[in-house]
Each structure stands twice: as structure tokens, then as C-alpha cells.
Amino acid sequence: MMSLLDQLAGQVLGSLGGGQQGEAQQGNLLSGVMAMIDNAGGVPAVLEKLKQSGLADQVMSWVGTGANQAISGGQLEDALGSDQLQQIAGQAGIDPQQVSSGLASLLPQIIDQLTPHGEVPADGLLAQGLNLLKARLSA
């Protein structure tokens with residue numbers, strides 16, 4: 001599980017830009033995403049909210065073992081609400097537009113990596129994985 005999280009942390013941080021300031025923003029954005037997932041009731045609750053917002057095909061592609069379908073920042077904002085993105089932006093210390101585009105890149109990767117066998121694991125394992133990822137990113 002730890003190597004999976006190390007790989008995810010590397011992919012996530014690498015996908016969001018470079019430089020020390022970029023790395024700090026990436027870590028802050030990821031922390032904001034993790035807080036959003038926690039506050040929403042966990043990964044299954046976030047996935048259900050996205051599905052109910054008309055993004056079922058994209059969500060199922062992230063969970064499944066095939067290629068991840070892309071999602072736009074606008075689609076995420078519609079699904080999660082601008083208040084949620086504003087909250088993440090405040091926590092991350094970055095512009096809300098950067099949050100929506102960063103989250104559109106980040107969320108499919110997080111879900112894909114947390115569901116390596118094509119299904120959402122039990123909440124306990126998912127929470128453990130998220131906590132390990134948080135610890136890895138804050139180190």
C-alpha cells in the first residue's frame with residue numbers, strides 16, 4: 001500500500017507544476033482535496049455526488065481499470081459547487097480557477113490510484129490509504 005501511495009504522491013505532485021512554490025501549492029491543494037473528501041463523508045460519498053451530477057461515466061472510468069476519462073474544472077464546479085471550490089482555494093492559498101483545473105487533473109488520479117482493482121475498497125482501507133497519503137505529502 002505504501003509504494004502505491006508514494007507513486008500517487010509523485011504523480012500528483014508532478015502533474016501540478018514545478019518549483020518550490022508550485023510544490024507548496026500542490027501539497028496545499030491536495031490537502032484541501034483530502035479535507036473535502038473527509039468532510040463529504042469519504043470517497044464513496046464524493047463519487048456518488050459526482051455520479052448524481054451527470055458524471056457517472058467519468059467516475060466509473062476512474063474506478064475501473066481502463067483509461068480515465070477527463071473532466072473539466074467547470075464540470076467539477078457544477079457537481080461540487082463553487083462554495084466547495086472556494087473552501088479548497090482558501091485552504092490551499094490559491095486562486096479558485098486554479099483549484100477547479102487542478103482538481104480536474106488531480107481527482108481522477110486520486111480515485112484511480114485508490115481503486116487499483118476496479119472497485120472502491122471498504123471505507124476502512126480507503127481512510128487508511130488517504131491518511132498515509134496525507135502523511136507522505138506533509139513530510
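I call a residue buried when its relative accessible area is under 20%, exposed when over 50%, and partly exposed in between (1.4 Å probe, protein chains only). With that cut-off, 40% of the 139 residues of the chain count as buried.

Ground rules. I am working with a predicted model, where local features need pLDDT of at least 70 and side-chain atom pairs count only at pLDDT 80 or more, while totals for chains, interfaces and linings use all residues. I number residues from 1 along each chain as its sequence is written, and side-chain values use heavy atoms, with hydrogens and water left out.

Entry: overall fold. I looked up the secondary structure and found 7 helices and 0 strands; helices (H or I, at least four residues) and strands (E, at least two) are DSSP runs, numbered from the N terminus. Along the sequence I read the pattern α-α-α-α-α-α-α. I then checked contacts, meaning heavy atoms within 4.5 Å. Among those between residues at least 6 apart in sequence, 69% join residues at least 24 apart.

Entry: the core. I take a nonpolar core to be a set of buried Ala, Val, Leu, Ile, Met, Phe, Trp, Tyr and Cys residues joined through side-chain atoms within 4.5 Å. Which members of the largest one touch the most other members? Of its 31 residues, they are Leu29, Val33, Leu50, Leu76, Leu103 and Leu107. Two or more residues each come from helix 2 (19-40), helix 3 (43-63), helix 4 (73-80), helix 5 and helix 6 (96-114).

Entry: helix 3 against helix 4. Helix 3 brings Lys49, Leu50, Ser53, Leu55 and Gln58 to the contact, and helix 4 brings Gln75, Leu76, Ala79 and Leu80. By class I note 5 nonpolar, 3 polar and 1 charged residues, where Ala, Val, Leu, Ile, Met, Phe, Trp, Tyr, Cys and Pro are nonpolar, Asp, Glu, Lys and Arg charged, and the others, Gly among them, polar.

I also looked at Asp78, which is found in helix 4. Its relative accessibility is 69%, so Asp78 counts as exposed. From C-alpha to C-alpha, Asp78 and Ser53 are 7.7 Å apart in space and 25 residues apart in sequence.

Entry: helix 5. The buried residues of helix 5 (residues 82-92) are Gln84, Leu85, Ile88, Ala89 and Ala92. Why do they lie on the same side of helix 5? They cover an arc of only 135° around the axis, taken from the directions from the helix axis to the C-beta atoms. On the face turned away from that buried side I found the exposed residues Asp83 and Gly90. Gly93 follows helix 5, and its phi is positive, near 70°.

Entry: helix 5 against helix 6. Their axes come within 8 Å and cross at roughly 100°, so helix 5 and helix 6 are roughly perpendicular to each other. Leu85, Gln86, Ile88 and Ala89 in helix 5 meet Pro96, Val99, Ser100 and Leu103 in helix 6. I sorted this contact into 6 nonpolar, 2 polar and no charged residues.

Leaving out residues up to four places away in sequence, Ser100 touches Gly73, Leu76 and Leu85.

Terms used:
Axes are lines fitted to C-alpha atoms, for helices over the stretch in contact, and angles run from 0 to 180 degrees between N-to-C directions. Angles under 35 degrees count as roughly parallel, over 145 as roughly antiparallel, 65 to 115 as roughly perpendicular and the rest as oblique.
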